[in-house]
Structure formats: C-alpha cells, structure tokens
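Here's a quick tour for anyone meeting this structure for the first time. Have the sequence and the 3D view handy as you read.

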Amino acid sequence: MLKALEIHNLHVSVDEKEILHGVNLTIRPGEIHALMGPNGSGKSTLAHALMGHPCFCVTQGKIVLNGDDITQAAPEMRARAGVFLAFQHPREVQGVPLAQFLHEAHIARFSEKISIAQLRAFMRSILKDLALDDAFLDRPLNEGFSGGEKKKAEILQMMILKPTYAILDETDSGLDIDALKTVTAGIMHALSGEMAVVIITHYQRILQFIEPHFVHVMVQGKIVQSGSKELARELEQKGFKHFFHV
C-alpha cells in the first residue's frame, strides 16, 4: 500500500460559512511541503480540518490516510495514526506538567508502557537540541511560556511522538532569529524518511533553514499554484496579490 495523506476536493465550512472551496493535495512520507498564503486564505482552516477539529465541518470531499477514509474520524484516532498538528497559538493547560502531558501522549500514540523517568531520560538530548533545561518539563503546559518556549514545546512534542505527517501552523510566527534557528534545527533533527512535514507560513524566512520539496500558494480557500522552492522566492518578489486571479 502506498502511504500518503490525500486531500480530495475538500470543502470546509465554519459557522456555515465555506472557507475552503475544493482543496486537492497529496503528501507522502519524507516530503516537505510549504503552504503559503495571506491572512484569511484558509491555511489554518485546512490544518484544523486535517486534524478533525469539530468546529471545521467538511461539507464535500474527503481526507484519506494511507488508504483509509478518515474524513469523519475523531482527532485522537488521527493522532494515534500518525497525524500531528503544531498549533499557531498553543493553549495553556493549567496544573498539567509538560512531562506528564508528554507521558500520556506517548502512551496513547504507541500503546507502550514507559515511566515518566524513562521518558525524561530519553528527552534529555532533545531538550538540549532545543536549548531547554530539564526543569522545563516540570512547568504546566504552556502556562507562562514565552512565544518561543511555546513553539519549542510544540516541536518537542513532535520529536517525542514521531508522527508520519506533521502539520506546522505558523511555527515561525513570533520567533526571533535565534529561536527560529533552534526550532528549525529541531524540525530537521526530527525529519526522517518516514516523516512528512507541511509548513504553513506567510514568509520565506523559515524556508531559508528548511528547504521544501514543494511550495503551494493558497488564496481565497483554494490552492492556486504549486511548484518548487523557487515559487517561494517569486512570492517574496511579487506578493500574494499576483496570485489572486491565477
């Protein structure tokens, strides 16, 4: 069976307003895709629909994961099957230490018994790669985290859960250049032949550190053009308005 995350003619509505108007995209393990577009173009809507957020209603089309139709599947089923979403605005979870959250998520993902102490030992090198100390794991999830710490926590989750398909929704937003270099190094460290990444972004900046195989331009709820990394450079030069009538 050919592994892929396939999006076929996807229409998605929020509060009965259609946001996506027929998106088609195929993502295979090992590929890096960049999805670029202006605010309100539907990029985050696509990310949440792929993850099964109940507020994002698929009205037409389907999502197929490794041959199985998951259009109506629950978010936890998609997560266990290897789909991961790094949020643009990660939520704070009061009273739940990051280590405990990662422990429960790891057990749910892999159905494998592992103690928190064992998991912490496994994470030490990963924390070092992300310029974080062990004490970071004892803090409540995202509570009081800086913008950069929240994004690093998302990448830490990705590195622990080892998804097959990772969707990174504006992971570069709010990061200074040093934090961006650290976060992108973590992403590159996590990449393997079995992992695909979809980078959702407005800018080419993150693509200077992670070279995509494919670049897609989304405008007004549709992917209007796809190409190589050169397309991202064209976007920087011409802006998104150039693609509104493609």
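## A bridge across the chain

E194 is partly exposed, with a relative accessible area of 48%. Here buried means under 20% relative accessible area, exposed over 50% and partly exposed in between, using a 1.4 Å probe and protein chains only. K3 also counts as partly exposed, at 38% relative accessibility. The side chains of E194 and K3 meet in a salt bridge, at 4.0 Å from N to O. E194 sits in the loop between α6 (177-190) and β8, and K3 in the segment before β1, so this pair ties together parts that are 191 residues apart in sequence. Helices (H or I, at least four residues) and strands (E, at least two) are DSSP runs, numbered from the N terminus.

A word on where this comes from: it's a predicted model, so local features need pLDDT of at least 70 and side-chain atom pairs count only at pLDDT 80 or more, while totals for chains, interfaces and linings use all residues. Residues are numbered from 1 along each chain as its sequence is written, and side-chain values use heavy atoms, with hydrogens and water left out.

R139 lies in the loop between α4 (116-129) and α5, and E149 in helix α5, so the pair ties together parts 10 residues apart in sequence. R139 is partly exposed at 26%, and E149 is partly exposed at 21%.

Another salt bridge links E211 with K229, where the closest N and O atoms are 3.2 Å apart.

## Strands side by side

Now for an open sheet of four strands: its order is β2-β1-β4-β5, with antiparallel pairing. Two strands pair if DSSP finds at least two bridges between them. The edge strands, β2 (17-27) and β5 (68-69), each pair on one side only. Strands β1 (residues 5-14) and β4 (residues 57-65) pair over seven bridges, and H11 stands opposite Q60 in β4.

Elsewhere, β8 (residues 196-201) pairs in the parallel sense with β3 (residues 32-36) over five bridges, and with β7 (residues 165-169), also parallel, over five bridges. L35 has I200 of β8 as its bridge partner, while L168 stands opposite I199 in β8. Six of the six residues of β8 are buried. A196, V198 and I200 point one way, with V197, I199 and T201 pointing the other.

## Inside the cores

The largest nonpolar core has 49 residues, and those with the most contacts inside it include L137, I155, L168 and I199. Such a core is a set of buried Ala, Val, Leu, Ile, Met, Phe, Trp, Tyr and Cys residues joined through side-chain atoms within 4.5 Å. Helix α5 (residues 147-161) gives this core its largest share, seven residues. A second, separate core of 28 residues includes F56, I70, L85 and I200.

## One aromatic pair

How many aromatic pairs does a search of the whole structure find? There's one. Rings of Phe, Tyr and Trp (its six-membered ring) pair if their centres lie within 6.5 Å; planes under 30 degrees apart count as stacked, over 60 as edge-to-face and the rest as tilted. The rings of F136 and F145 have centres 4.7 Å apart and planes at 35°, so the pair is tilted. F136 is buried at 3% relative accessible area, and F145 is buried at 7%.
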